[in-house]
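Here is a short report on one structure. Look at the sequence and the model first, then read on.

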Amino acid sequence: MTAYPTFRPVADRAVLVEFGTEIAAEIHGQVLRLDRLLTQSPPLGMAEAVPAYANLLVTFDPLVTDHTTMIAALHDRLDGPDLPANPPRHHDLGVCYDPDLGSDLVTVAEQTGLSVDAVVNAHIAAEYSVYLYGFAPGYAYLAGTPPSLQLPRKPAAIRDIPAGRVIIAGPQCIVTTLKMPTGWWILGACPTRILRDDPARPFLFDVGDTVRFHRISRAAYDADGAR
Amino acid sequence: MRCDLKVSFAGPMVSLQDAGRPGLMRFGVPQSGPMDRRSLAIANTALGNLPQATGIEISLGGLQLECVAGAVSFAVAGGGFQVRLADRSLGPWTVATITEGQRLTIRPGKWGSWAMLAFAGDLQGQSWLGSRATHSQSGLGGGLLQTGAVVTIANGDTRAAREGDLTPFDRPAPKAALRVVMGPQDRFFDAAPQDSFLGSPFTLTEAYDRMGVRLSGAKLPVNAALDMASEPILRGSVQVAGDGVATVLLADHQTTGGYPKIATLIAPDLDTLVQRRSGDTVTFVAISPEQAIRAARLAHDHLTAYLDDLAKPRASLAERLMQSNLISGVTSGE
């Protein structure tokens, strides 16, 4: 058995800190704790910290530091006092579940044995938490899709899915930000932009934030800047 | 002086690039920036610019610009491209000045996949998150150059003292192995695929763009049922998909992925890899993390020395040479 955390040197410029292998709140909590400690007190030469589900990548400038020094600094932060977490921000996002926007809604209902309304109700009943950004700019991976809606991704990705689609796979949910391929299931469309034009706050979520969805009408979706 | 350059032809994947946007991987944003970062620094330094000023990255598709107003000095570096200005052939790494009515054509030459074109002035372009580097999948940032567009250089300058061909930075021997540090998920591969990765040649396939390059060669089977939670990716990761095929992730890589990474290239050797072309063959050699740090520092010193020399205007270089000749003339007489 591996004793966590582990520290794996990566190339000439990073260390991967692993707290486990699973998608689990307790493990992700340890990722966020180290992320906080590094934000508060970045080791000399650190370039950036990238939190994911069960691990955190710490990149550094090899002209300033090295793997051994960085790993010692990471141990030092982990062994030090905890920092109070900022209370997570909460976001309520409207979603239009009309079938032309939520093009997989009917299929998801068939595959889960639920009615279309029950799929929508299960999706809006859950609370989601922002675990990480990945894949593409602004793609925030939300965990919290209820077990009754959890489906494996499609066997092949579908091209050119527009921005603003609400998609699910397994326990995860994403509001897309760019036209991209996806093999996830499309439930609806959200008029709120995650990738914003605001230079002061270009991304709506921080990792650790919580999200809930509520149903909006087509008229409200269209009025709110449909894309 | 303002200088306008009409894009009379741009191939695919010709884009504006600068240092990129580091520090945003936590928001899903890769750094982007030039595929060959060394060459942007060289082209800019040869003009007396800051090393990471915005330039144009030219793919094998090539680029033709026509100066429709003003004049500006420019530099080309990276790869062995064919550079023609008006009806004159220039060296592949060169500084020259384009004036109204002239055409500049940059096309693939004997080697290399990417050339960087820099200007003595401020290349105008859309900025996104503090950088004009183009993120190719979204087109955010300065963007891809399209035939018919006009590129504007604000505060364009002509720098006659800097004109002339450049001595290219050492081109690594074509057969030199690319240096990797194994991992971070090498444990998902048995000894046999690890040996094949290090012991056999891989060919760059046609699936080569700013996101990555797929390799063909020995299959690298993964030894465990793959159900990895997505984790952060570093530029240079050698990611192996379920079919045992390796892809090296490059400038516009996705920031997380669920496939294991057998090894990761060190940064200086990435600039070398990207200049290879589809069909070219590469090999990999494993070094320790300590050796990787030493290699990165040596590569930095080597490039810095080259850039320091390049930063000196030619005229003063000639003067210094004359001076040193005079001195050696005196000393050799003793």
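## A helix and a strand in chain B

In H4(B), the buried residues are Pro289(B), Ala292(B), Ile293(B), Ala296(B), Ala299(B), Leu303(B) and Leu310(B). Buried means that 20 or more other C-beta atoms, placed from the backbone, lie within 10 Å of a residue's own. Helices (H or I, at least four residues) and strands (E, at least two) are DSSP runs, numbered from the N terminus.

This is a predicted model: local features need pLDDT of at least 70, side-chain atom pairs count only at pLDDT 80 or more, and totals for chains, interfaces and linings use all residues. Residues are numbered from 1 along each chain as its sequence is written, while chains are lettered from A and ligands numbered from 1 in the order in which they are written.

H4(B) has 23 residues and spans 32 Å from first C-alpha to last. That is close to the 33 Å expected at 1.5 Å a residue; the expected span is 1.5 Å times one less than the number of residues.

Chain B touches chain A through 34 residues, which meet 37 residues of chain A. Contact means C-beta atoms, placed from the backbone, within 7 Å. H4(B) gives the largest share of chain B's side, seven residues.

Now strand E12 (residues 150–154) of chain B. Val151(B) and Ile153(B) point to one face and are buried. Two strands pair if DSSP finds at least two bridges between them.

| Strand | Sense | Bridges |
|---|---|---|
| E1 (residues 3–10) of chain B | antiparallel | four bridges |
| E11 (residues 122–123) of chain B | antiparallel | two bridges |

Asp4(B) stands opposite Thr152(B), and Asp122(B) stands opposite Ala154(B).

Terms used. Contact = placed C-beta atoms within 7 Å. Buried ≥ 20, exposed ≤ 12 C-beta atoms within 10 Å, placed from the backbone.
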